[in-house]
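I opened the model today to look up a few residues and contacts. My notes follow the order in which I went through it.

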Amino acid sequence: LVQWLFGTIPVPLPGVYLLLALGFGNLVWGGIVKAPKSWQRPGLLIAHCGILLLIAAGFVTYHFAENGHITLYEGDETNTFQSYYDWEVTVSETGPDAKTQLVIPQDDFLRLAGATTRTFYAPDLPFDLELSGYMANSEPRAVAPGTASATGDVVLDAAPRVSDAESNMAGLHAAVIEPGGKRQDAVLWGAARTPWIVDVGGKTYAVDLRHATTELPFSIRLEKFTRELHPRTGIASNFQSEVTQIENGIPRHVVIKMNEPLRYKGYTLFQSSWGPQNAAEGTRLFSVFAVVRNPADQWPLYASCVMALGLLLHFTQSLVRYLRAQQRRSA
């Protein structure tokens, strides 16, 4: 973590990850290994184990949890969700029966900064795709008239990354290279309304930079969205979604409310928001679900129970010792 003093002097500071790692090691050594082992004081050891489990839950969540969202209008159905901050590049042949023929995950182009390039291909594609110039946050800029640019009328400029990872808009340079050497260049931007359309060999392909998409082991169809507003305001007092969960062709009716998520096969779907905000009466609304798959989802609960048990045992033993000492003094 680097903070800039007066906007010019970089000052490296320890981040939360480093501090928690050091705290975990210190707690293992001082609170478990070196702590006195006695049947009279097991409560503190148990409580320390609960704290270690809580830190471990944060580690597992940071590295292995999947987070995303689903946005549905009434009648819409999907079996995928989109990440909030991870990206992917896709290549699809356009048309009513088009299928995605190439998916490039973010890890494969994350380090393609500047002039560093990497070429990708798929057996069904009549061209290679070259990627370069990746920027974690970028802004499009129109090219001045008369200025030569391989990517046409727009180029991308790097922008400072913001702390809210969801607000960063990735961008990179893409080039389609045909077998004969013909080359077509463009820029891909995460907030672009349409993908880059390219014609190769009499067919049309869409090349897109989008938030990473993950497939669910079931489908969700929004049947009905209901909102209740506070009187004379546009603020929702309650909102919920009636959905049909479909797995192997078998439907199941589920109601997802603000504090009552759907939990199934390791995935949790929360009712997070809705829109459009301040919509007039009769406007078609959409429902937004936050999707989380976290292997350590219940670990904080287990850690809290372990810590509570340890502290209860410790204070109970301390109280018993105190009462016995008072009894001996009065005897």
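**Ground rules.** I am working from a predicted model, where local features need pLDDT of at least 70, side-chain atom pairs count only at pLDDT 80 or more, and totals for chains, interfaces and linings use all residues. Residues are numbered from 1 along each chain as its sequence is written, and side-chain values use heavy atoms, with hydrogens and water left out.

**Helices.** I took helices (H or I, at least four residues) and strands (E, at least two) as DSSP runs, numbered from the N terminus. I began with α2 (42–64). How far apart are the end C-alpha atoms of α2? I found 33 Å. At 1.5 Å a residue its 23 residues should span 33 Å, so the two agree. The expected span is 1.5 Å times one less than the number of residues.

Next I checked burial. Buried means under 20% relative accessible area, exposed over 50%, and partly exposed in between (1.4 Å probe, protein chains only). In α2, I noted G43, L45, A47, G50, L52, A57 and V60 as buried. Their cover includes α1 (16–33) and α3.

I then turned to helix α3 (residues 299–330). Its 32 residues should span 46 Å, and the end C-alpha atoms are 46 Å apart, which agrees. A303, M307, G310, H314, Q317 and A325 are buried in α3. The buried residues of α3 pack against α2.

**H48.** This residue lies in helix α2. Is H48 buried or partly exposed? I read a relative accessible area of 22%, so H48 is partly exposed. Contact means heavy atoms within 4.5 Å. Leaving aside neighbours within four places in sequence, H48 is in contact with L27, G31 and I32. Its side chain reaches the backbone oxygen of G31 at 3.2 Å. I count a polar contact as a pair of N or O atoms within 3.5 Å; within protein, one must be able to donate a hydrogen and the other to accept it, and residues adjacent in sequence count only if both atoms are side-chain atoms. I also checked G310: its C-alpha atom is 8.2 Å from that of H48, though the two are 262 residues apart along the chain.

**Cores.** A nonpolar core is a set of buried Ala, Val, Leu, Ile, Met, Phe, Trp, Tyr and Cys residues joined through side-chain atoms within 4.5 Å. Which residues touch the most other members of the largest core? I found V89, F109, L129 and L131, out of 26 residues. Strands that each supply at least two residues of this core include β4 (77–93), β7 (128–135) and β13. V89 touches, among others, L102, F109, L131, L188 and V207, not counting residues up to four places away in sequence. A second, separate core has 19 residues, including I70, F225, V243 and L269.

**Rings.** Rings of Phe, Tyr and Trp (its six-membered ring) pair if their centres lie within 6.5 Å; planes under 30 degrees apart count as stacked, over 60 as edge-to-face and the rest as tilted. I get eight aromatic pairs by this rule. F225 and F239 form a tilted pair, 6.4 Å centre to centre with 45 degrees between the planes. F225 lies in strand β13 and F239 in strand β14 (residues 236–247), so the pair ties together parts 14 residues apart in sequence. Both F225 and F239 are buried. Ring pairs link F225, F239 and W274 into a cluster.

**H211.** I found H211 in strand β13 (residues 203–229). It counts as buried because its relative accessibility is 15%. Its side chain reaches the backbone oxygen of S83 at 3.4 Å. A polar side-chain atom of H211 also lies 3.5 Å from the backbone oxygen of Y84.

A cis peptide bond joins G275 and P276, with omega about -5 degrees. P276 sits in the loop between β17 (267–275) and β18 (286–293). N248 is not a glycine, yet has a positive phi of about 55 degrees. I place N248 in the loop between β14 and β15 (250–256). N248 counts as exposed, at 75% relative accessibility.
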